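Good morning, colleagues. I would like to take a few minutes to go through one structure with you.

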Amino acid sequence: MKIQYPIVLFAAFIISSSNEEFEINCHSHFDVNWVLENTKEIRANKITELKNEDLISIGDFVGDARIVLLGEQSHGDGTTFLFKSSLIKYLHEVKGFNVIAFESDFFAINNIWDSETNLNKKVNNVKLSLYRMWAKSKQIEALFTYIRNRNSSGNKLAISGFDSRHSSNYSKSNYLKQLDSLISENHPLLVKQLKYLEFKSTLSNLVLKEYNHQPSELEINLFFDVLDELLILLESKADSNLQFWIQELNNLNGNAKSVWSNISNKVESSNARDKQMAENLIWLVKNKFSNEKIIVWSANYHIAKNDNQISKQEYYNPVEYTPMGEFLYTSLNKEIVNIGFTTNSGKFTDIAFNDIVRDISIDSDSFEDYLSKSTYNFGFVNFRDSKFCAIERFNMNAFGHYQLSGRWYNVFDGIIYIKEMSPSEF
């Protein structure tokens, strides 16, 4: 104790003397004033009236970050889609971001964008390869018109994908043919071997049936053995033209582990998917788009960090997961910011239950309840600000419109508030 005591005193002195403003502004109690004093109004009466100048506070917050992660509470939040589209326009025109990476099929979207020469077909086919909740949403149509116009004028805005799942019709129609062609060119002896034919059979079921097919342990072991052989082969060639396929085979590895563990261990399955999505994004950041600034379109949950800061609830998030954001911050911490979305009223489309439109409800004394006391239609809260040092947990409905208790300022760097949500329309 005699050794530790002066060290503690010295550390306390350093903190108090170097962070005087932090200590003055710090609130130890979560209350309505704590929230309202630190929310910047985004001045617009309607979502359709948002202009670049309205989003400067978010731009200042983004600063020199190279990757901006944009979330959404659920995949049926129409107003959030519109807001994200306006924010993408601002980030592209003012902050120099020129890539949008969607939480959708890594193989299909990157393939289509790189190989299709006709701009209209390129944009349309990429849009069709997104998950249905975005591809079919009326609230995202203006974004794709904007992307098409920017690319036709020479101010490029590329689209990419980073999800490990081969869920699109493009992948289901083209994956095996393209892989066969690749292996025939680089390893012609392998394509005639029985183990490769068995590998292809298992792969076909994985791509076409995904969670609706569970291979035997023997089939799984052979699949990973052949996959390892293919990776070793391609990596040994040191051919820059093969880099996408090397990453895709790594992606296939992660997807298979996620899908085949889904029945026995859903936590392992979810974590494997999020880990692979992060690895795909890191590859895009460091390789394909090494000189570009990237906007990531995903869910609040996937972009989150520090899931251990959220209380576990029986009805949602019952155990600790590892979201994609946690993997990303480990690798890209100084280059990245994540921005979640929340709301206190309105409706959303529940895409998991036949597109039922559900009412949004909030708890009293929650983050959203306090924001509802303002006159703001839209607002931005900077959780990185030193004022946000409250030690208490508080309720927020950032994950799936469920009210969860947590230290949310350790989960998101910033939050965009929308007063009233309109459901996504198909």
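**A buried arginine and its surroundings**

Arginine 273 is buried, its relative accessible area being 15%; buried means under 20%, exposed over 50% and partly exposed in between, with a 1.4 Å probe and protein chains only. Please note that this is a predicted model, in which local features need pLDDT of at least 70 and side-chain atom pairs count only at pLDDT 80 or more, while totals for chains, interfaces and linings use all residues. Residues are numbered from 1 along each chain as its sequence is written, and side-chain values use heavy atoms, leaving out hydrogens and water.

Arginine 273 belongs to helix H14, residues 266-288; helices are DSSP runs of H or I with at least four residues, numbered from the N terminus. Which residues does arginine 273 touch, not counting residues up to four places away in sequence? They are Glu103, Tyr131, Asp163, Ser164, Arg165, Ser258 and His302, where contact means heavy atoms within 4.5 Å.

Let me turn to the helix pair. Helix H13, residues 243-260, packs with H14 at an angle of about 170°, and their axes are 8 Å apart. Axes are lines fitted to C-alpha atoms over the stretch in contact, and angles run from 0 to 180 degrees between N-to-C directions. H13 and H14 are therefore roughly antiparallel to each other, a term for angles over 145 degrees. Among the residues that meet are Lys257 and Ser258 in H13, and Arg273 and Gln276 in H14.

Note on methods:
Helices (H or I, at least four residues) and strands (E, at least two) are DSSP runs, numbered from the N terminus. Angles under 35 degrees count as roughly parallel, over 145 as roughly antiparallel, 65 to 115 as roughly perpendicular and the rest as oblique.
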